[in-house]
Amino acid sequence: MFDPALFKLPGMRRLTVILGLLAVVEGICIIIQAQFLSLAIVGLWHLQTLATIVQPMLIFAIAWTGRQLLVVFKNRLMYPIVEKTSGDMRRQVMQKLYRLGPSYVAKTGTGNVVTTALEGIDKVQTYLMLVVIKVIDMMVIPWVILIYIAWLRWREALFLLAIFPLIIVFMIILGYAAQAKADKQYVGYQRMSNHFVDTLRGLPTLKQLGLSKSYATNVYRVSEGYRKQTMAVIKVAMLSTFALDFFTTLSIAVVAVFLGFGLVNGTISLLPALVILVLSPDYFLPLRTFASDYHATLNGKNAFADVQKMLALPVPTHRDQLGTQPLDWQADSDLRLSQVNFSYDGEQPALSQLDLTAKGYQRIGIIGASGSGKSTLINLLGGFLTPEADQGSIKVNGQAVSHLNQTAWQQSFFYIPQNPYLFHATLAENIAFYQPEAGISAIGQAAAKAGLTDWIETLPDGLATQIGEGARGVSGGQAQRIALARAFLDSSRKILLFDEPTAHLDIETEAALKQTILPVFENHLVFFATHRLHWINQMDYVLVLDHGKIVEQGTPAELAAHNGAYVRLRDEMVGAI
Ligand SMILES: Nc1ncnc2c1ncn2[C@@H]1O[C@H](COP(=O)(O)OP(=O)(O)OP(=O)(O)O)[C@@H](O)[C@H]1O
Ligand SMILES: [Mg+2]
């Protein structure tokens, strides 16, 4: 009915004890309230003067007020803790995301990650707020009341005691039904998020193909599905609330009949009978409030489980095998991979038996047909993907490491993909991304080296112009130049990982950009995945990939000398031109 992990959250145990004690006090308030209300009524029944019932009514009023104040106080007590817990959770989720890295987001889908990290935690907050107090009330208050009733008359108490587990069993059965529906609803919700993000991202393509309208139908269908799932949950919720109310009312009626017989037979006097009758609804009340909110919290429960699951995922370990300081990559430094394997799904190898050595300031071209594994190799070299454990070896300057997701290694390279990501920030901040402390003149110089000066001069705010998502648009070539300016600004990173940086640019832009890129190669170890022949002429070593294997490697001259995969691929490229 609730997640036991809930009570393992920090601060929750202490809170549980306090709330438990307050629930006992609340139970006592309820008893006092019933006792003195009944006393007043019995007084009136026996036609006593009005003055004699003032005192019981006053005590009743005090107990009633006390009870309401307790409810307010408990919520007050709960709120800051819930606030803090969800704040901590949000922080933990973000930290976890950073530590899990890009491969997790790729696997789970951006929409899912956003749902979990943002809305999921809001739902958890509601869940905590609704569920904790009610669970504790439900576990304490009925027993306090029952003990008092038992002290008055054991037979009615026995009946109430017997009915309680029946209702619980009934609730559990309905709860399972609701849970199954709510699980479906949550999955539907995540699917909707993913669809929505996908549509937004693909909007230019959809528009261009004239498919945006039909895709809108698609989004409509998915959200309709979600609506139906939500209605199904609400239906079960309504049904179970109705059933529960019916059962508890019936039980109270049975108690009333018992008491009525008792009164007729003279085995019970009016006061205790009335007290028991007044207490009976309160005996069931915590159960009913819990049940009526239960369905509203199911989503929160799922979100909570989701967050817990994500927080429990193993993070990459052994990240400091090369220390925590950036590497000092020199002309005689080397990186050796031998017999390294990688697979996305744990079955089909995406890269197999990689043997490669990169030394000093080599420029290494990576070529191969589409889908041959170039990007996968670059991502492996960047440490964004982790090779199969216990297979092959990776050594950086002779030091064996389990993967390249090394703090020191990642502080030593630049990764320049096809579409470098630009953050929603100023142009200067985007350039100084790896070196936030860089001065504006250094940034200006780096921008000039990257060939951005002409463009910047046309901008109203120059380097202070906002770019990125939702701000000024940037062309593909400009984005690449900004990425290059980052490399010019920080000369301490000696390793460059390029993944087809010019693949989506037209020939003229590429030719202009190439003049900017070539000087960066100086004194850098370069890995350059490409489809374009003219880049290969700039490389002094080439890896030819085919179906995840390095089928040939050597200097371009060596590879050209014998008629193999390289020559075939080169001829294809020439043909394509
Ligand atoms: N995230 C992923 N999950 C599962 N399989 C993937 C994933 N990314 C790539 N693959 C598969 O791995 C293989 C290599 O893909 P990769 O992207 O490395 O090729 P590539 O050589 O970079 O191709 P291209 O020239 O088109 O960029 C392909 O068969 C691809 O389907
Ligand atoms: Mg690729």
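Visitor: Nice. Which residues surround ligand 1?

Guide: Ligand 1 has a run from Ala369 through Ser370, Gly371, Ser372, Gly373, Lys374 and Ser375 to Thr376 around it, along with Tyr344, Glu500 and His531.

Visitor: And which polar side-chain atom lies 2.4 Å from an oxygen atom of ligand 1?

Guide: That one belongs to Thr376. The backbone takes part as well: a polar backbone atom of Gly371 is 2.8 Å from an oxygen atom of ligand 1, and for a polar backbone atom of Ser372 the distance to a ligand oxygen is 3.3 Å.

Visitor: How much of ligand 1 does the protein bury?

Guide: The protein buries 55% of the 630 Å² that ligand 1 exposes when taken alone.

Visitor: Let's switch to the strands. Is S1 mostly covered or mostly open?

Guide: Mostly covered: S1 spans residues 334-343, and seven of those 10 residues are buried.

Visitor: What does S1 pair with over seven bridges, and in which sense?

Guide: With strand S2, residues 349-359, in the antiparallel sense. One of the bridge pairs puts Ser343 with Pro349 in S2.

Visitor: What sits between those two strands?

Guide: S1 and S2 form a hairpin with five residues between them. In the turn, Gly346 has a positive phi of about 85°.

Visitor: How many bridges join S1 to S4?

Guide: Four, and the two strands run antiparallel, with S4 covering residues 393-396. Leu335, for example, stands opposite Val396 in S4.

Visitor: Where are they, starting with His318?

Guide: His318 is in the loop between helix H7 (270-312) and S1. Gln353, by contrast, is found in strand S2.

Visitor: Why does His318 count as exposed?

Guide: Because its relative accessibility is 52%, and the cut-off for exposed is over 50%. Gln353 has 45% relative accessibility, so Gln353 counts as partly exposed.

Visitor: New topic: what about Thr530, buried or exposed?

Guide: Thr530 is buried, with a relative accessible area of 4%. Thr530 is found in the loop between S10 and helix H15 (533-536), and its side chain reaches the backbone nitrogen of Arg532 at 2.9 Å.

Visitor: And where is Gln418?

Guide: Gln418 lies in the loop between strand S6 (413-416) and strand S7 (425-426). Gln418 is partly exposed, at a relative accessible area of 30%.

Visitor: How far apart are Gln418 and Tyr283 in sequence and in space?

Guide: They are 135 residues apart in sequence, and 66 Å separates them in space, C-alpha to C-alpha.

Visitor: Last one: what is the mean pLDDT of the chain?

Guide: The mean is 88, and 99% of the residues reach 70 or more.

Visitor: Which elements have the lowest and highest mean values?

Guide: Helix H3, residues 102-108, has the lowest mean pLDDT at 78, while strand S10, residues 525-529, has the highest at 96. Where pLDDT is low, the predicted coordinates should not be read in detail.

Technical notes:
Residues are numbered from 1 along each chain as its sequence is written. Chains are lettered from A and ligands numbered from 1 in the order in which they are written. This is a predicted model: local features need pLDDT of at least 70, side-chain atom pairs count only at pLDDT 80 or more; totals for chains, interfaces and linings use all residues. Side-chain values use heavy atoms; hydrogens and water are left out. A residue is near a molecule or strand if one of its heavy atoms lies within 4 Å of it. A polar contact is a pair of N or O atoms within 3.5 Å; within protein, one must be able to donate a hydrogen and the other to accept it, and residues adjacent in sequence count only if both atoms are side-chain atoms. Accessible areas come from the Shrake-Rupley method with a 1.4 Å probe; for residues, only the protein chains shown count as cover. Buried means under 20% relative accessible area, exposed over 50%, partly exposed in between (1.4 Å probe, protein chains only). Two strands pair if DSSP finds at least two bridges between them. pLDDT is the predictor's confidence in each residue, from 0 to 100.
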